[in-house]
Amino acid sequence: MKWNIHLVACLGCAFLIQVVLPSTIKKIVDESMPYIAIGEHHWRQTRCSEPISLFVGDNATLYCNTSVTLVCDAGGDPAPRISWFLNGKRIEKSYENLGLLILNNSLVLRNVSVQSGLYTCVASNANGTTNATTIINFIDPQQPKIFSDFKTEVFTDNYKILPVTVGSNVTAYGKSLLMLVCNVSGTPKPQIEWRKGNGKIERKYIKRDNLLLPHNVALSGKYFCKARNFAGQTQLASDIKFIEPVLPMIVSSRKKLSAIHGENQVSLKVGGDITTIAGTEVIIKCRASGVPDPTVTWYHNGQVCPESYLSSYGYAISFHDKAIEPSASGNYTCEASSAFGSVSVTSSVEVIEPVMPYINGSSEDIVSYDMSFPIAKQIGGSIKTLVGASFWLECNAGGIPRPKLTWKKDNLPIHSSKRIKVSEKKVEVLGTMMSDTGWYSCIAANGAGTVTKSTFVQLLAPEKPEIRKSTHKRPYLVNNMPTPLHISVGINLRILAYRELTIYCSATGFPTPVLSWEKNGDPFERDEDIYVSQGGRKLVFEKLVPSQNGIYTCVASNAAGQDRKRTTVASRLPFRPKIELRKSVLSKYQLSPRRGSVRVYEIPEEQTHLVAGSDVILECIARRSYPGAKFKWFKDGRPIRRQTTESFNRSKLKLLSVKKVDEGVYKCYASNVFGQQEKIIELKLKDRNRHNKARQNRQLQTQK
């Protein structure tokens with residue numbers, strides 16, 4: 001135990017002699033030498049909202065412009081003198097104009113964007129010199145930018161790695177690995193983020209900054225590469241489609257066709273055979289399918305077909321631009337091929353020698369005044385129609401080789417214009433004029449001969465329809481007789497219900513106008529008691545009732561226009577008169593004047609006794625009487641000869657300044673064809689000065 005204690009003591013003494021004592025002695029000796037406290041950090045500053053302070057020895061990379069203070073913490077005995085150097089050149093006071101300012105032992109950089117470099121702090125005294133350096137690096141930040149060639153790629157390779165820059169669109173059919181590369185630039189280096197649509201991508205598909213996608217239909221979609229740094233961000237997308245390939249297929253037929261009767265066009269599916277004559281338009285269709293779309297190639301007797309044989313849509317061979325000739329006979333093979341395979345089908349074509357041209361025409365004569373549709377006719381015969389109508393003539397010709405067609409009018413060539421359209425087989429004339437009348441000829445010619453067929457076109461000027469006017473001049477016709485009534489359209493009616501009514505409408509014009517009827521502005525619909533005669537000339541009401549009242553309009557129309565005339569029908573149910581007798585007093589009279597003034601009163605209508613000198617009106621009113629009532633007045637059973645004031649279902653008898661002789665019983669008698677009624681009223685006069693007589697009697701009694 002004692003031996004262990006002595007061993008530990010010896011080791012402690014050795015440590016003091018070898019380590020602690022020399023370092024203490026060295027520190028005491030070096031205290032007189034200058035020294036600098038050195039930082040050991042490397043700063044990366046991207047936001048510069050405040051000034052930055054660094055110890056000399058710290059290095060900094062700045063991406064923004066700011067003020068930087070370098071602190072040189074030096075010591076020694078005596079105190080050392082501090083000097084600053086920029087890239088080996090001493091910084092003097094003149095550098096203050098450049099934004100470098102020395103404050104005590106520190107150096108202030110006011111504009112770091114133009115003051116990057118190697119800064120050295122030198123501390124010296126009589127015992128020696130020491131220094132420390134700092135590197136200030138300013139980098140102008142740049143927003144991220146993604147580079148792409150923006151291609152549209154289609155890949156059919158198998159078992160390869162296919163690089164594609166983001167921004168390009170890809171359709172991949174083969175079982176290969178697609179590597180989507182995002183080429184990015186920017187300062188500082190941007191961070192790259194991948195996503196599919198609005199979702200994230202599994203980490204297993206991301207290798208470094210690239211995206212590796214195996215052939216999988218489920219991985220199809222829109223992929224985005226997003227690059228960002230503190231200066232900004234950008235993104236670019238690629239549409240990636242993974243499609244499972246399908247071997248090419250051709251829809252074929254085994255039919256055998258014969259076209260030797262002058263057909264203009266014959267079409268068949270590849271695989272079928274045809275026998276035809278020279279000049280016929282032959283189309284052999286080859287419908288091919290597959291994924292990707294296969295390429296269709298045509299062969300004639302083992303040789304690639306000329307481009308003149310191929311149709312514009314590529315999947316068929318056509319002899320349209322050049323009529324088929326005997327030299328075109330042979331075998332035609334359609335081959336559909338893609339990177340995943342090919343298939344072919346063959347058709348046999350036999351062409352017979354040429355014959356004389358002929359035209360398929362029609363000798364029919366067409367007369368039509370309907371301008372709503374154009375007249376279509378095969379060449380031949382004639383056409384009679386109206387000026388302004390449209391027509392077209394078709395010329396179907398055959399021959400070997402196929403004949404060339406030309407059009408003439410009155411032996412002059414027809415040229416296309418805004419109104420006239422001329423093609424090889426058809427001439428179309430729109431909105432004809434009188435000058436378009438004449439002979440239209442189709443001429444078919446080939447090496448075997450020429451044939452002509454013509455159509456005569458006659459154009460007539462239309463006349464606007466006009467409905468014949470009624471001779472009745474009054475605005476309304478009132479007819480209350482129960483007999484049937486016949487009128488012309490244009491007359492307005494007030495008539496008795498439950499009677500027969502016929503409205504006639506006739507019109508002139510060319511072509512003959514079509515007559516139709518409207519009720520209250522809408523097309524007329526037949527009901528049980530109203531019908532329109534054939535041709536529309538008569539509108540018949542078998543039993544007129546008030547529910548059929550309205551405005552009935554006759555419309556005459558043809559190609560030149562239309563004319564309209566209307567009749568207002570107002571019918572009423574018959575009623576016998578039901579009268580009411582009224583009495584009214586117009587005059588005003590004076591009762592017992594007081595203090596020189598006149599007090600005025602009106603006699604109430606209910607008052608039976610009247611004051612002499614008043615003006616009285618007796619009014620007789622026939623309620624709901626139809627037809628209108630006729631009135632007669634009587635006094636005491638004798639007819640009154642005085643003039644009365646008459647209006648519809650009303651009669652007034654006016655008595656001016658009534659006297660004693662006007663007293664009596666007055667009777668009003670009202671009647672129409674369905675009945676009559678009478679009313680009586682009695683008029684009596686009272687003494688107007690009865691109050692004065694009563695006063696005089698009282699005065700006489702007082703005097704007595």
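1. Is the disulfide of C286 and C334 left-handed or right-handed, judged by the torsion about its S-S bond? In this predicted model, that torsion is about -75 degrees, so the disulfide is left-handed. C286 lies in the loop between β29 (281–285) and β30 (287–291), whereas C334 belongs to strand β34 (residues 330–338), so the link ties together parts that are 48 residues apart in sequence. The S to S distance is 1.9 Å, and both ends are enclosed, since C286 is buried at 0% relative accessibility and C334 is buried with a relative accessible area of 0%.

2. The structure holds six disulfides, and two others deserve a comment. C505 and C554 have their sulfur atoms 1.9 Å apart, and with -75 degrees about the S-S bond their link is left-handed. This pair connects distant parts of the chain, 49 residues apart, with C505 in the loop between β52 (501–504) and β53 and C554 in strand β58 (residues 550–558); both cysteines are buried.

3. For C620 and C668, the sulfur atoms are 2.0 Å apart, and the torsion is about -90 degrees, so this disulfide is left-handed. C620 sits in strand β64 (residues 616–623) and C668 in strand β69 (residues 664–672), so parts that are 48 residues apart in sequence are tied together. Both of these cysteines are buried.

4. Four aromatic pairs are found in a search of the whole structure. One of them, Y369 with F510, is edge-to-face, at 5.2 Å centre to centre and with 65 degrees between the planes. Y369 lies in the loop between β37 (365–367) and β38 (375–378) and F510 in strand β53 (residues 507–510), so the contact ties together parts that are 141 residues apart in sequence. Y369 is partly exposed at 29%, and F510 is partly exposed at 26%. The rings of W439 and F456, with centres 5.1 Å apart and planes at 50 degrees, form a tilted pair.

5. Two charged residues lie over ring faces: R195 over F224, at 4.4 Å from the ring centre, and K667 over F634, at 4.9 Å from the ring centre.

6. Strand β51 (residues 492–496) has four of its five residues buried, so it is largely enclosed by the rest of the structure. Four bridges join β51 to strand β59 (residues 561–572), and the two run parallel, with I495 opposite S571 in β59.

Conventions: Residues are numbered from 1 along each chain as its sequence is written. This is a predicted model: local features need pLDDT of at least 70, side-chain atom pairs count only at pLDDT 80 or more; totals for chains, interfaces and linings use all residues. Side-chain values use heavy atoms; hydrogens and water are left out. Rings of Phe, Tyr and Trp (its six-membered ring) pair if their centres lie within 6.5 Å; planes under 30 degrees apart count as stacked, over 60 as edge-to-face and the rest as tilted. Buried means under 20% relative accessible area, exposed over 50%, partly exposed in between (1.4 Å probe, protein chains only). A charge sits over a ring if NZ of Lys or CZ of Arg is within 6 Å of the ring centre and within 35 degrees of the ring normal. Two strands pair if DSSP finds at least two bridges between them. A disulfide is a pair of cysteine sulfur atoms within 2.5 Å.
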